[in-house]
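Welcome, and thanks for taking a look at this one with me. Please keep the structure open as you read, so that you can find each residue for yourself.

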Amino acid sequence: MPVVIATIKTRPGRRDEVLNAFEKHSPAVHAEHGCQLYAVHAGADRVTVVEKWADQASLDAHSQGPALAAIATAITDALAEPLDIAVMEAFPTGDPAKGLL
């Protein structure tokens, strides 16, 4: 199951604009086939999205889908730098209930 960590560094004063875009479009992402987790987290100058998909095909469909395109369009002007997107596979360690998304 692919896990995605996307970090979005925002221009000064533009973080809330990015959060509003995610608030508007996340319900559509949550409804996509294979979406197991799509959670948005905010820091002072960045927004981080943690995603978990049932399989690579679901992630690929999301990557080409209308919800992600709408988010990208809405946040492009607020970016301080290019997106940092990492696609990973789980490496569970320790307590199984705490070591795996």
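The numbered points below go through a few places in this model, which is a predicted one.

1. Let us start with Glu 32. Glu 32 sits in the loop between α1, which covers residues 15-30, and β2, which covers 35-42. Which side chain of opposite charge is nearest to Glu 32, and how far away is it? The nearest is Lys 24, at 15 Å. Glu 32 is buried and has no salt bridge. A salt bridge needs a side-chain nitrogen of Lys or Arg within 4 Å of a carboxyl oxygen of Asp or Glu, so Lys 24 at 15 Å does not pair with Glu 32.

2. Glu 32 does have a polar partner, however. Its side chain and that of His 62 are joined by a polar contact of 2.8 Å. If you leave out residues up to four places away in sequence, Glu 32 touches Trp 53, His 62 and Ala 67.

3. Next, the charged pairs. How many salt bridges does a search of the whole structure find? The search finds three. As background, side chains of opposite charge can pair when their charged atoms come close.

4. One of these salt bridges links Glu 17 and Arg 14, with the closest N and O atoms 2.6 Å apart. Glu 17 counts as partly exposed because its relative accessibility is 31%. Arg 14 is also partly exposed, at 25%.

5. Another joins Asp 16 to Arg 15, and here the closest N and O atoms are 3.4 Å apart. With 46% relative accessibility, Asp 16 counts as partly exposed. Arg 15 is partly exposed too, with a relative accessible area of 25%.

6. Arg 46 and Asp 45 form a salt bridge as well, their closest N and O atoms being 3.0 Å apart. Arg 46 has 31% relative accessibility and so counts as partly exposed. For Asp 45 the relative accessible area is 32%, which makes Asp 45 partly exposed.

7. Now please find Ser 58, in helix α2, residues 56-63. Is Ser 58 buried or exposed? Ser 58 counts as buried, because its relative accessibility is 4%. Apart from neighbours within four places in sequence, Ser 58 is in contact with His 33, Gly 34 and Trp 53. Gly 34 is 24 residues away from Ser 58 in sequence, yet their C-alpha atoms are 5.2 Å apart in space.

8. Gly 65 is in the loop between α2 and α3, the latter being residues 66-75. With a relative accessible area of 8%, Gly 65 is buried. Gly 65 and Val 29 are separated by 36 residues in sequence and by 9.0 Å in space, C-alpha to C-alpha.

9. Finally, the segment after β4 holds Pro 92. Pro 92 is exposed, because its relative accessible area is 51% and the cut-off for exposed is over 50%. Setting aside neighbours within four places in sequence, Pro 92 is in contact with Gly 99 and Leu 100.

Conventions
Residues are numbered from 1 along each chain as its sequence is written. This is a predicted model: local features need pLDDT of at least 70, side-chain atom pairs count only at pLDDT 80 or more; totals for chains, interfaces and linings use all residues. Side-chain values use heavy atoms; hydrogens and water are left out. Helices (H or I, at least four residues) and strands (E, at least two) are DSSP runs, numbered from the N terminus. Buried means under 20% relative accessible area, exposed over 50%, partly exposed in between (1.4 Å probe, protein chains only). Lys and Arg count as positive and Asp and Glu as negative; His and the chain ends are not counted. A polar contact is a pair of N or O atoms within 3.5 Å; within protein, one must be able to donate a hydrogen and the other to accept it, and residues adjacent in sequence count only if both atoms are side-chain atoms. Contact means heavy atoms within 4.5 Å.
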